[in-house]
Amino acid sequence: MVFPEELKYTDQHEWTRIESDSATIGITDYAQQSLGDIVYVELPEIGTEVKKGEEFGVIESVKAASDTYSPLTGEVTEINEDLQEHPEYINQSPYDKGWIIKLKIKDSSEINDLMNSHQYQEYIKSETE
Amino acid sequence: MNANSRQVLWKKEPYIFEQGSSGREGISLPEEDEDFSTQNNPPLPSHLLREPINDFPEVSEVEVVRHFTRLSQWNYGVDTGLYPLGSCTMKYNPKLNEEVAKLSGFSFAHPHQPEPLSQGALHLIYELESFLSEITGMDRVTLQPAAGAHGEFAGMLMIKAYFADKKDARIKVLIPDTAHGTNPASVSMCGFKAVPVKSNKDGIVDKDTVASLMDEDVAAIMLTNPNTLGIFELNITDIADIVHKKGGFVYCDGANLNALMGIVKLGDLGIDIAHINLHKTFSTPHGGGGPGSGPVAIKNILSDYLPVPIIEKREKRYFFNYDQPKSIGKVKSFYGNFLVCVKAYAYILTMGNSGLREASKTAVINANYIRTKLKNYYHIPHDVICMHEYVFTDKNQHEYNVNTLDIAKRLIDYGFHPPTIYFPLVVKQALMVEPTETESKETLDNFINAMICIADEAKNNPDLLKNAPLNAKITRVDEVTAARNPILKWKRD
């Protein structure tokens, strides 16, 4: 499993890539593997206000439906429309083609609450033990 | 033990649309009689005549009977064998209940029949409500909701109506992570926000966790007891105190009441409102077998908000009382799924007080028997004495690259319905077994032996599991393609 160094992570298994005041969000390699083959992704509408820790969408796999939780507070500026036709992108390429939404960050201090790659890997280890 | 179940006589069966031939009929009607058709009976007005339906099957009676009989032979039900589907309580449904529900006084009762002609049906509803009040230790019961989730919804509407009435705008409902998935859905439908409560390492809710989340915005805590891990919520009375002190209600999802009948009364635990699943606990058919029924039991504090009509009794006569100004109104057409209630009523009367208690005890012992016998073979995340069901995982099989789905599919080859898998979500790769009180020790031993054989196969012949089921009519299905590109309608080539 891969957990890129430049990304930030949450305990709900989302990642975020911060570029100035924009945050790209998806689910981690670990999350996609635990969910199994993803068959449907429910996306929010552009312009939706999401809050840190609150759900912004749903991912359905053959096993289960899971909410996706926002790592940060902000406004949805882009959604990955390709996922409607190709939910498998999240399995194949969780950090690239499988991105889910982009946010305009409202409160950049929240970034400090997120985990780095190393911390997240430790967290998964503690969770699976 | 061998994996030697063999399903089916007919490997393939054409769709009914592909059978028969043009002009073939199931029933021969008499030739049209001139006198009959024209003189005394003018032709039907055109708006009552339907257009011909293209491609409608044209088949004989025996073709229809054979078609559906063959399909039924591919089915697996609780009348075929063990059906240990955790969280679903697939117990045997005694045929006597069906006989009682078929009595013409019940089966031909019309919902618009006037009260004086419906006294028997009303007596049954009234008495079943009182039985369920007694079993749950609550004050009142409504039989209206059509299933468990509908009961949750009706119950939450009553809580909502209570706070609206008190001009207390509470917005949150606490829901443990071991809840049924329908709980947060019902809460959201009523406009509340579901706040998750983490269970502790023993699989139950800590009172301190509840205390830290409880405030005057919380309308209720909604918990399942025993919870979906099959574990009794030991802190329930303390939790109820904490919630009550801040003015909230304690809602219990009573779907797992099968572990408690005649032993624990929900009302004694500080629970204010609960729904019950007649189709689980009280042996009425469910799944494909018939509609459900999800009565809601309440303490008197909520009685003003019960759905109407309420069935009441005055001088030995029963009547519908619609005069409940604060009622949440109707939640179902007429009076609920009445014939399901008839079956549950028959079940309670045949079992009696001691029989119901015995059923719960046996359900708990059966689950613990399987758990104890299999614990050396399959990983158990919460290794405690369970109630009527327990959860294990595929962790011991990971090193052979065998997972939960493979184990479940392989059970089909041994002639058993697989247990619930990937639920509850709080356990990764869960398999959830609920044998119910129905099963004999011989059946449980057969299941245990099959599970031990599968653990052995996982180690020595994992490919066998990867491709299972091998003996079923349909072997491993491609669930991913089916979910991504579902074909929902048959089309003629």
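Guide: Helix H3 of chain B (residues 95-102) packs against H11(B) at about 130°, and the two axes are 8 Å apart. H3(B) is therefore oblique to H11(B). Axes here are lines fitted to C-alpha atoms, for helices over the stretch in contact, and angles run from 0 to 180 degrees between N-to-C directions. Angles under 35 degrees count as roughly parallel, over 145 as roughly antiparallel, 65 to 115 as roughly perpendicular, and the rest as oblique. Helices (H or I, at least four residues) and strands (E, at least two) are DSSP runs, numbered from the N terminus.

This is a predicted model, in which local features need pLDDT of at least 70, side-chain atom pairs count only at pLDDT 80 or more, and totals for chains, interfaces and linings use all residues. Residues are numbered from 1 along each chain as its sequence is written, while chains are lettered from A and ligands numbered from 1 in the order in which they are written.

Back to the helix pair. H3(B) and H11(B) cross in the right-handed sense. A crossing is left-handed if the near helix is turned anticlockwise from the far one by less than a right angle, and right-handed if clockwise. H3(B) contributes B:Leu96, B:Asn97, B:Val100 and B:Ala101. They meet B:Leu339, B:Val342, B:Lys343, B:Ala346, B:Tyr347 and B:Thr350 of H11(B). Contact means that the C-beta atoms of two residues, placed from the backbone, lie within 7 Å. By class, this contact has seven nonpolar residues, two polar and one charged. Ala, Val, Leu, Ile, Met, Phe, Trp, Tyr, Cys and Pro count as nonpolar, Asp, Glu, Lys and Arg as charged, and the others, Gly among them, as polar.

H11(B) spans residues 338-374 and also packs with helix H5 of chain B, residues 119-136. Here the angle is about 60° and the axes are 10 Å apart. That makes H5(B) oblique to H11(B). The crossing of H5(B) with H11(B) is left-handed. From H5(B) come B:Ala121, B:Leu124, B:Ile125, B:Leu128 and B:Phe131. From H11(B) come B:Phe338, B:Cys341, B:Val342, B:Ala344, B:Tyr345 and B:Ile348. The class count is eleven nonpolar, no polar and no charged.

Now another helix pair in chain B. H6(B), residues 148-165, packs with H7(B), residues 182-189, at about 40°. Their axes are 9 Å apart. H6(B) and H7(B) are therefore oblique to each other. Their crossing is right-handed. H6(B) supplies B:Gly148, B:Ala149, B:Glu152, B:Phe153 and B:Met156. H7(B) supplies B:Thr182, B:Asn183, B:Ser186, B:Val187 and B:Met189. These residues divide into five nonpolar, four polar and one charged.

Next, the loops of chain B. B:Thr89 sits in the loop between helix H2 (61-73) and H3 of chain B. Its phi is near 45°, a positive value in a residue other than glycine. The peptide bond from B:Ala468 to B:Pro469 is cis, with omega near 0°. B:Pro469 lies in the loop between helix H14 (462-467) and helix H15 (479-484) of chain B.

Chain B also has an open sheet of three strands, in the order S10-S12-S11, with antiparallel pairing. Strands pair if DSSP finds at least two bridges between them. S10 (390-393) and S11 (420-421) of chain B stand at the edges with a single partner strand each, so one side of each has no neighbour in the sheet. S11(B) is joined to S12(B), residues 430-433, by two bridges. B:Ile421 stands opposite B:Leu431 in S12(B). The loop between S11 and S12 of chain B holds B:Pro424. The peptide bond from B:Phe423 to B:Pro424 is cis, with omega near 0°.

Last, confidence and the partner chain. Chain B averages a pLDDT of 93, and 96% of its residues score at least 70. pLDDT is the predictor's confidence in each residue, from 0 to 100. The model scores ipTM 0.73 and pTM 0.88. Contact between the chains takes six residues from chain A and seven residues from chain B. On the chain A side, they divide into three nonpolar, one polar and two charged.
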